[in-house]
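This briefing goes through one protein model by topic. Look over the sequence and the structure before reading on.

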Amino acid sequence: MSESAVPVNLADKLAQFSELWSQKKVAALNDYEVKLAKLKGEFVWHTHEDTDELFLVISGRLTIQLRDGDVVLEPGELFVVPRGVEHCPVADEETAILLLEPAGTINTGDAGGPMTKAAEILS
């Protein structure tokens with residue numbers, strides 16, 4: 001059976017790591033990466049000038065702060081932050097998310113800083 005015929009079990013993948021704000025690549029789709037992350041606390045305000053960013057909450061609750069109001073996501077809900085829109089993810093409790101964005105997208109966008117991390121491949 002080819003690797004592409006093996007499903008990705010998100011619960012199993014999430015059980016493989018505990019680091020917060022550390023993106024784990026679990027699949028690729030054309031020029032996009034499918035990533036998982038666990039969040040708690042507040043990230044940094046940042047912008048992705050060249051790409052939209054999809055957030056899907058698997059467990060917990062995520063607030064995406066935008067300059068013109070917050071978007072609150074519960075499990076099973078997703079939101080796409082349009083390219084060029086400044087945003088700041090916040091999770092009051094540990095929250096598991098799935099991200100979909102072009103390969104090589106920097107997690108902190110234009111902000112940089114100590115929270116910048118490249119996505120790690122999770123096998």
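## The largest cavity

The largest cavity is lined by W21, Q23, A37, L39, F43, H46, E53, F55, P89, I97, L99 and N107. A cavity here is a set of points, on a 1 Å grid over the protein atoms alone, where a 1.4 Å probe fits but cannot get out, and lining residues have an atom within 4 Å of a point. This is a predicted model, in which local features need pLDDT of at least 70 and side-chain atom pairs count only at pLDDT 80 or more, while totals for chains, interfaces and linings use all residues. Residues are numbered from 1 along each chain as its sequence is written, and side-chain values use heavy atoms, with hydrogens and water left out.

- Strand 2, strand 3 and strand 7 are the elements that give two or more residues to the lining of the largest cavity. Strands (E, at least two residues) and helices (H or I, at least four) are DSSP runs, numbered from the N terminus.
- Strand 7 provides the largest share of this lining, with 3 residues.
- The lining of the largest cavity consists of 8 nonpolar, 3 polar and 1 charged residues. Ala, Val, Leu, Ile, Met, Phe, Trp, Tyr, Cys and Pro count as nonpolar, Asp, Glu, Lys and Arg as charged, and the others, Gly among them, as polar.
- The largest cavity holds about 120 Å³ of space. A volume is the space filled by probe spheres set on the grid points, which are joined across faces, edges and corners.
- The structure has 1 cavity of 30 Å³ or more.
- Rolling a probe the size of a water molecule over the atoms shows where empty space is left.

## Salt bridges

- How many salt bridges does a search of the whole structure find? The search finds 8. A salt bridge is a side-chain nitrogen of Lys or Arg within 4 Å of a carboxyl oxygen of Asp or Glu.
- Side chains of opposite charge can pair when their charged atoms come close.
- K35 and E33 form a salt bridge through their side chains, at 3.8 Å from N to O. K35 is buried, with a relative accessible area of 0%, and E33 is buried at 12%. Buried means under 20% relative accessible area, exposed over 50%, and partly exposed in between (1.4 Å probe, protein chains only).
- K25, E33, K35 and E101 are joined in a network of salt bridges.
- D52 and R83 form a salt bridge, with their closest N and O atoms 3.7 Å apart. This pair links distant parts of the chain, 31 residues apart: D52 is in the loop between strand 2 (32-42) and strand 3 (53-59), and R83 is in the loop between strand 6 (78-81) and strand 7 (87-102). D52 is partly exposed at 32%, and R83 is partly exposed at 49%.
- E86 forms a salt bridge with R67, and the closest N and O atoms are 2.8 Å apart. E86 lies in the loop between strand 6 and strand 7 and R67 in the loop between strand 4 (62-66) and strand 5 (69-73), so the pair ties together parts that are 19 residues apart in sequence. E86 is partly exposed at 29%, whereas R67 is exposed at 57%.

- T105 sits in the loop between strand 7 and strand 8 (120-121). Is T105 buried or exposed? T105 is buried, because its relative accessible area is 17%.
- The T105 side chain reaches the backbone oxygen of P102 at 2.7 Å.
- Apart from its neighbours within four places in sequence, T105 is in contact with K35, H48 and T51. Contact means heavy atoms within 4.5 Å.
- L54 is part of strand 3 and is buried at 19% relative accessibility.
- Not counting residues up to four places away in sequence, L54 touches L78, F79, V80, L98, L99 and L100.
- From C-alpha to C-alpha, L54 and K35 are 10 Å apart in space, and they are 19 residues apart in sequence.

## Positive phi

- Most residues other than glycine have a negative phi, and most peptide bonds are trans.
- W21 has a positive phi of about 60° although it is not a glycine. W21 is in the loop between helix 1 (10-15) and strand 1 (24-29) and is buried at 11%.
- N30, also not a glycine, has a positive phi of about 50°. N30 is in the loop between strand 1 and strand 2 and is exposed, with a relative accessible area of 75%.

Terms used: A polar contact is a pair of N or O atoms within 3.5 Å; within protein, one must be able to donate a hydrogen and the other to accept it, and residues adjacent in sequence count only if both atoms are side-chain atoms. On a 1 Å grid over the protein atoms alone, a cavity is a set of points where a 1.4 Å probe fits but cannot get out, and a pocket is an open set with protein on both sides within 12 Å along at least five of seven lines; lining residues have an atom within 4 Å of a point.
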